[in-house]
Amino acid sequence: MKPAPFAYTRPGSLAEALATLAGDPDAKVLAGGQSLVPLLSMRLAAPSALVDINGLPDLDGVTVTASGVRVAALARHADVLASAEAAAVQPLLAMALANVAHPTIRNRGTTVGSLVHADAAAEMPVVLSLLGGSVDAASTAGTRTIPAAELYVGPLQSSLRHDEVAVSAFFPALAPGAGVAFEEITRRQGDYALCGVAALVDGASVKVGYLSVSDVPTVVDLSGIPVEEMGEAALAHLEPADDIHATADYRAHLVRVLTTRVVRSAYDDARGRR
Amino acid sequence: MTTKLVGTPVQRVEDQRFLRGQGRYVDDIANDPSTLHAAVLRSPHAHARIIDIDVDEVLDLEGVHAVWTHDDLAGPMAEPLPLLIPHPSLTHGRTQYALAKDEVNYVGEAIAFVVADDRYVAEDAVGRIRVSYEFLPPVVGIDAARAATHLVHDDVPGNIGARMEQHNGDAPAAIAAAPHRLELDLTIERSACTPLEGRGTVARWDPDVNRLQVWSSTQTSTGVRAAVAVKMGLDLGQVDVITPDVGGGFGVKINHPWPEELLVPMAARALGRTVKFTEDRREHFISSAHERGQVQHIEVGFDDDGRLLGLDVMFWHDHGAYTPYGLIVPIITSTQLLGPYKPGAYRVVFESLYTNTVMVTPYRGAGRPQGCYAMERTMDAIAQFLGKDRAEVRAINFIQPDEFPYDHGLIFQDGRELEYDSGDYPASLVKLKALVGWDEFPAYKAEMAAAGRQVGIGLACYVEGTGVGPYEGAHVHIETSGKVKVATGLTTQGQGHATVFAQLVADELGVKHEDVEVVTGDTRRMPYAVGTFASRAAVMSGSAIHLAARRAKEKVLRIAAEALEADEKDLQIVDGVVSVKGSPGSAIDLGTVSVLSNPLRYAFDEASKAATQFSVGDPGKPPVAEGEEPGLEGRDFYSPERATFASGMHAVVVETDPETAEITILKYAVVHDCGNLINPMIVEGQIHGGVAQGVGGALYERMAYDESGQLLNASFMDFLMPYVTEVPDGIDIDHLETPSPLNPLGVKGAGEAGVIPSAAVFAAAIEDAEGIPIIAMPISPSDLFHLRQIHAKEPS
Ligand SMILES: Cc1cc2nc3c(=O)[nH]c(=O)nc-3n(C[C@H](O)[C@H](O)[C@H](O)COP(=O)(O)OP(=O)(O)OC[C@H]3O[C@@H](n4cnc5c(N)ncnc54)[C@H](O)[C@@H]3O)c2cc1C
C-alpha cells in the first residue's frame with residue numbers, strides 16, 4: 001500500500017500550476033487527498049506527478065451572496081458545513097454535507113474536489129446537479145464556467161479537462177417559497193450511501209436527485225406525479241445495482257421509500273420557511 | 001494499613017502513554033534509515049500451480065538488496081511451516097511453506113520476499129516479478145468443499161481435513177424417544193480479528209556475538225523464538241524475541257510462525273542488516289487469518305417443559321487452505337456449544353474442510369460464538385414450539401449450583417475432561433432479566449407496536465473455558481531502590497496487564513502500585529511462557545505472579561526478621577516498609593532488605609549505606625548460605641489441572657425499521673461471571689470491546705469471497721468493522737463473582753466473553769421483532785428486506 005513513484009510540486013501561483021498541468025498530461029491535481037491518496041496507495045492510480053494546489057493563494061473561503069454560495073477550491077467540507085450564512089441561503093448544503101464521511105475527512109477533503117471527482121455515490125455532485133449549480137475551471141487558455149448539467153459525463157468522469165483546475169463551485173440560493181430535504185441510508189454512519197435522495201420542491205415543481213443508484217449523479221423531474229408513486233417513476237431513470245452491501249432490489253426499494261419521505265420533508269421545509 | 005487494590009477499579013497505567021501517542025509498536029522499532037524493508041509478492045489466484053517465477057528484473061531496480069523464492073530457501077526453512085497443534089482426528093493436516101512451493105492455495109499466499117531500502121522500492125520490485133501459473137479450479141465456501149467436485153489438496157479426499165465425533169449417552173435414541181423433536185439448519189459466516197496494528201517483525205543479527213534479536217507483534221514471543229531458532233538452525237540461547245506494544249491481537253497473532261516472522265530474521269542474517277516487515281491492511285485481510293464460517297445441522301428431542309433429552313449436532317467448519325492451528329476452533333465449538341445446559345444425551349460430529357481461502361485460526365471467542373449460536377437458536381426454537389417463555393426454557397436446562405464440578409463426559413480443547421469448576425447460572429439469569437427488563441418487555445413491545453414501531457428482545461447464555469494450561473511463570477525482583485520489577489512471559493495487546501498484575505503484586509508485597517513495573521513478552525526476562533490466548537492471562541500469569549510475589553515476600557520477611565531481631569509473624573509490610581506490628585520504630589524498607597539479600601562487598605548507593613546498620617547472616621556460615629540465593633527475587637510457575645469456566649448472559653433489544661429494514665440497537669445488557677474481579681473497570685472494558693466486535697460479527701462484517709476466491713472487501717472501506725457510532729451507546733453490565741476453586745486468586749478469564757453470544761442474541765432479537773426465523777448470520781438490512789419478501793410470499 002505504497003504509491004508508485006511520482007513527481008511532486010507545490011506551486012505558489014495558479015499560473016504556475018496551470019503551466020505544469022498543461023505540460024504533463026499524466027499529472028494530477030492534489031487537493032484534500034481524501035479520494036486521490038487512497039487510490040495512489042492501492043496503486044489504482046499512478047500519475048506521473050502531483051500538482052498540490054494547497055499552497056495556492058486566494059482559493060479558500062466560502063462566499064455567500066443573496067444569489068447563492070460560492071465555494072473556492074480549497075474550502076474544506078468542514079468550512080462549508082460550518083458556514084451559517086451558507087446554510088441560510090442554501091440549506092441543502094449543510095443537510096447533505098453532514099452526511100459526507102466523518103469529521104476528520106471533512107476537515108481535509110474539499111467540496112470542489114468531491115464535485116470534480118464525480119463519484120455517483122457522493123453527496124455533493126447530486127446537490128450541485130439538483131440545484132443547477134456550476135463549476136469554474138481555469139487553464140492556461142482561460143477560465144470557463146461548466147454548468148452541472150454538463151459536468152458529469154460518466155462513472156467517476158467529469159468534463160473537466162486534465163489541464164484544468166476547478167477554482168470554485170457555485171450553488172444557487174433557495175428560491176423564496178421553495179423547500180429542500182436530504183436523506184440517505186448507509187451501512188455505517190459516514191459511509192457512502194446505499195441510496196441517497198435529495199429533493200427540491202417549489203410550488204408544483206418537484207425535482208429529486210439520487211446517489212448510489214446510478215452511474216452518474218442523476219436528477220429526475222417528478223412534477224405532477226402523486227407523491228407515493230414518485231419513487232417508482234424515478235426508477236425508470238435509475239440503475240440500482242447489486243454489490244456486496246446490498247442488492248439492486250433493496251436499493252430500488254429504498255428509492256421508493258426515501259423518495260416519498262424526502263419529498264414530503266421538502267414540502268414541510270418549504271412550509272416551515274414561510 | 002495499605003488498602004487492598006485487588007477488586008478495585010485502579011486506573012490503567014498504560015493509558016497516558018497510549019493516549020499521548022507514545023505507544024511503541026513494532027513499526028516504531030529500528031526507525032532509522034539504515035533499516036531495510038520487506039515486501040511480499042502474494043498470489044493473485046486462489047488456486048494455481050506455479051510454473052515459473054522470473055525475478056530477473058527485480059535486482060536491476062536501485063535500492064533492492066535481495067529477493068527470495070522457495071528455490072532460495074534451505075534446510076528447515078524450505079520445509080512446510082509447523083502444524084502447531086496436531087490431533088489424531090486431523091488425519092489430513094496441511095500447512096503452507098514460508099514461500100509457496102509449486103502451488104498456491106489462496107489469494108494472498110506468499111510467493112516471493114523482497115528486501116529493499118524502503119517499502120516503496122520493495123513494492124515497486126514486487127511489481128516486477130513475473131510468475132506464470134497454471135490455473136486450478138478454486139474451492140470456495142462450505143458447499144463447494146462438501147461437494148468436493150474439485151479438491152484443494154490433491155491428496156486430501158473430499159476436502160476433509162478432519163472428522164471428529166464425541167458423545168455422551170445415546171443422543172439419537174434419546175431424540176427418537178422424546179415427546180417432541182425439532183431440526184434446525186443454521187449458517188454463520190466468516191469474519192476476522194482485524195486488529196488495527198497488523199502483523200509486523202523486525203530482526204537484527206549481531207555478528208559479534210552470533211545472536212539474533214527479533215521484535216514481533218505476536219501473542220507468543222516464546223513460541224516465535226522457538227520457531228525461529230529451529231528454522232534458522234540456531235540454539236534457543238542465540239535468539240531473543242521481544243514483543244513491544246501490540247495494537248490488538250484478538251487471536252490472529254497467536255498463530256505462528258507467520259512466513260514473515262521467519263523470512264525477516266533470515267534476511268537480517270543473510271544481509272547483515274536490520275530488516276523490517278510491516279503488514280499493510282490489504283495484506284492483513286488476505287494473508288493472515290479469518291474465523292467463524294460454519295454450517296450446522298441440529299436435531300433435538302425435548303419434553304413438554306423444554307428439557308433437552310437428546311441433542312445431536314453435525315457441523316461443517318471451513319478452515320481455509322491450511323491447518324496450522326489444528327482443530328482448536330471446531331473442538332471448542334463442539335464442546336462449548338453446551339453452554340450452561342445439561343442435555344440428557346449429546347452427540348457432536350464435525351468435519352473440518354479445506355477451501356481455497358485464507359486459513360482459519362482462533363479469533364476472540366474461538367469457535368464459541370458458533371457453538372453458542374447453535375445452542376441458543378435451538379433453545380429459542382424449542383420455546384417457540386412449546387409456546388413458552390424463552391428464559392424459562394433455558395432455566396429448566398441449567399446445571400444447578402450444587403452440581404459443580406460438572407463433568408460433561410467430553411474432552412475439551414486442552415485434551416482434558418470438559419469439567420466445569422463453578423458457576424451460578426440461575427442467579428445470572430435473575431440478574432439479566434432484571435437488568436434488561438425481560439418481564440416488562442411484552443408490554444413495551446405492544447406499546448411500541450401501537451406507535452408503528454417494531455422491537456424485539458433476545459437473550460443468549462454461554463460458558464467459556466478460560467485459562468487453559470499448560471503453564472505460565474513469573475519473576476518478581478525487588479530492587480535496592482525498593483521498586484519491584486515483575487516479568488511474565490505471555491504478551492500484552494492492550495488488556496492492561498501492567499495495571500492488573502501490579503495490583504496483585506502491590507497487595508501481596510505491601511508496596512505502592514506505582515512502584516511495581518511489569519514487563520511481558522520479552523524472552524530475555526522470562527524465557528518460559530506459553531502465550532496470550534483463551535482468556536488465560538489473569539488466570540495463568542496472574543496466579544504465577546501472585547505465587548512469585550509470595551516467594552519474594554517470604555524472603556523479605558526472613559531477612560527483615562533477622563535484621564529487626566523480630567519474629568516473622570510479627571512483621572507487616574506497608575507502602576514498602578517492613579515493620580514490627582505495634583512498634584513503629586523498628587522498621588526497614590524493602591530496598592534495604594534487597595541490599596542485605598546480596599552480600600556484595602561494594603556499597604554504591606544510599607540504600608547500601610543504610611543497610612550497614614543491620615546485620616544479617618551467620619558469621620559461621622558462607623555469606624550465601626546453603627539453599628539461599630543472592631538477591632531479593634521470587635520466581636514461580638502456575639500450572640492448572642484444567643481450564644476454569646467463566647459464564648455469562650447477554651440480552652439485547654433491537655428495533656427494525658418496517659420500511660428500510662435497518663436494525664437499531666436500543667439496549668444491550670450483560671451479566672458476567674469471571675470469578676473474583678481483580679479490576680472491575682478493566683473487565684468491563686473487555687466486555688465493551690467484545691460486544692463491539694460482536695455487533696460487527698452479527699450485523700456488519702463478512703468476508704465477501706467471489707466464486708473465484710477473490711476477497712472483494714479487503715479494506716476497511718468495504719469490510720464493515722463497526723465504528724463507535726454503530727455500537728451501543730451504553731452497555732448495562734452486572735457482575736456475579738463465583739470464585740474458581742482451581743487457582744489461588746479465584747479468578748476466571750474475561751477476555752473473550754463479550755463477543756461469544758452476539759450472533760445468537762441478535763438473531764433472537766431480530767426474530768422476535770420480525771416473527772421470521774433467523775437462521776443465517778450476520779444479517780444486513782438488505783438481507784432482512786429479502787427475508788421479509790420471502791416470508792410475505794409464503795407465510796409459515
Ligand atoms: C473514509 C472516507 C470516507 C468518505 N466518505 C465519503 C462520503 O460519504 N461521501 C462523499 O461524498 N465523499 C466521501 N469521501 C471522499 C471525500 O469527500 C473526498 O474528500 C472528496 O471526494 C475529494 O476531495 P479531496 O479534496 O480530498 O480531493 P482529492 O482526493 O485531492 O482529489 C480527488 C480527485 O479530484 C481531483 N481534484 C481535486 N480538486 C481539484 C481541483 N480543484 N481541480 C481539478 N481537479 C481536482 C484530483 O486530481 C483527484 O482526481 C470519503 C473519503 C474517505 C477517505
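**Close-up views of a predicted two-chain model with a ligand**

**View 1. The shell of residues around the ligand.** In this predicted model, the ligand is surrounded by 30 residues, of which the closest are Gly32(A), Gln34(A), Gly109(A), Gly113(A) and Ala122(A); a residue is near a molecule if its C-beta atom, placed from the backbone, lies within 6 Å of it. At least two residues of the shell come from each of strand 2 (27–30), helix 2 (36–41), helix 7 (111–117), helix 8 (123–131) and strand 10 (165–172) of chain A, where helices (H or I, at least four residues) and strands (E, at least two) are DSSP runs numbered from the N terminus. Helix 7 of chain A gives the largest share of the shell, five residues. Sorted by class, the shell holds 18 nonpolar, 10 polar and two charged residues, with Ala, Val, Leu, Ile, Met, Phe, Trp, Tyr, Cys and Pro counted as nonpolar, Asp, Glu, Lys and Arg as charged, and the others, Gly among them, as polar.

**View 2. The domains of chain A and the place of the ligand.** Chain A is assigned domain 1 (7–55), domain 2 (62–172) and domain 3 (179–273), with bounds from an automatic or database domain assignment. The ligand lies between domain 1 and domain 2 of chain A, because both give residues to the shell around it. The centres of domain 1 and domain 3 of chain A, taken over C-alpha atoms, are separated by 34 Å.

**View 3. The contact between chain A and chain B.** Chain B contributes 23 residues to this contact and chain A contributes 15 residues, two residues being in contact if their C-beta atoms, placed from the backbone, lie within 7 Å. On the side of chain B that touches chain A, the elements giving two or more residues are helix 2 (119–126), helix 7 (281–287) and helix 19 (781–793) of chain B, and the largest share, four residues, belongs to helix 2 of chain B. The residues on this side of chain B comprise eight nonpolar, five polar and 10 charged.

**View 4. The packing of helix 17 against helix 18 in chain B.** Helix 17 (residues 680–700) and helix 18 (residues 758–770) of chain B pack at an angle of about 50°, and their axes are 8 Å apart. The contact joins Gly694(B), Val695(B), Gly697(B), Ala698(B) and Leu699(B) of helix 17 to Ser758(B), Ala759(B) and Phe762(B) of helix 18; these residues divide into five nonpolar, three polar and no charged.

**Notes.** Residues are numbered from 1 along each chain as its sequence is written, while chains are lettered from A and ligands numbered from 1 in the order in which they are written. Local features need pLDDT of at least 70 and side-chain atom pairs count only at pLDDT 80 or more, whereas totals for chains, interfaces and linings use all residues.

Terms used. Axes are lines fitted to C-alpha atoms, for helices over the stretch in contact, and angles run from 0 to 180 degrees between N-to-C directions.
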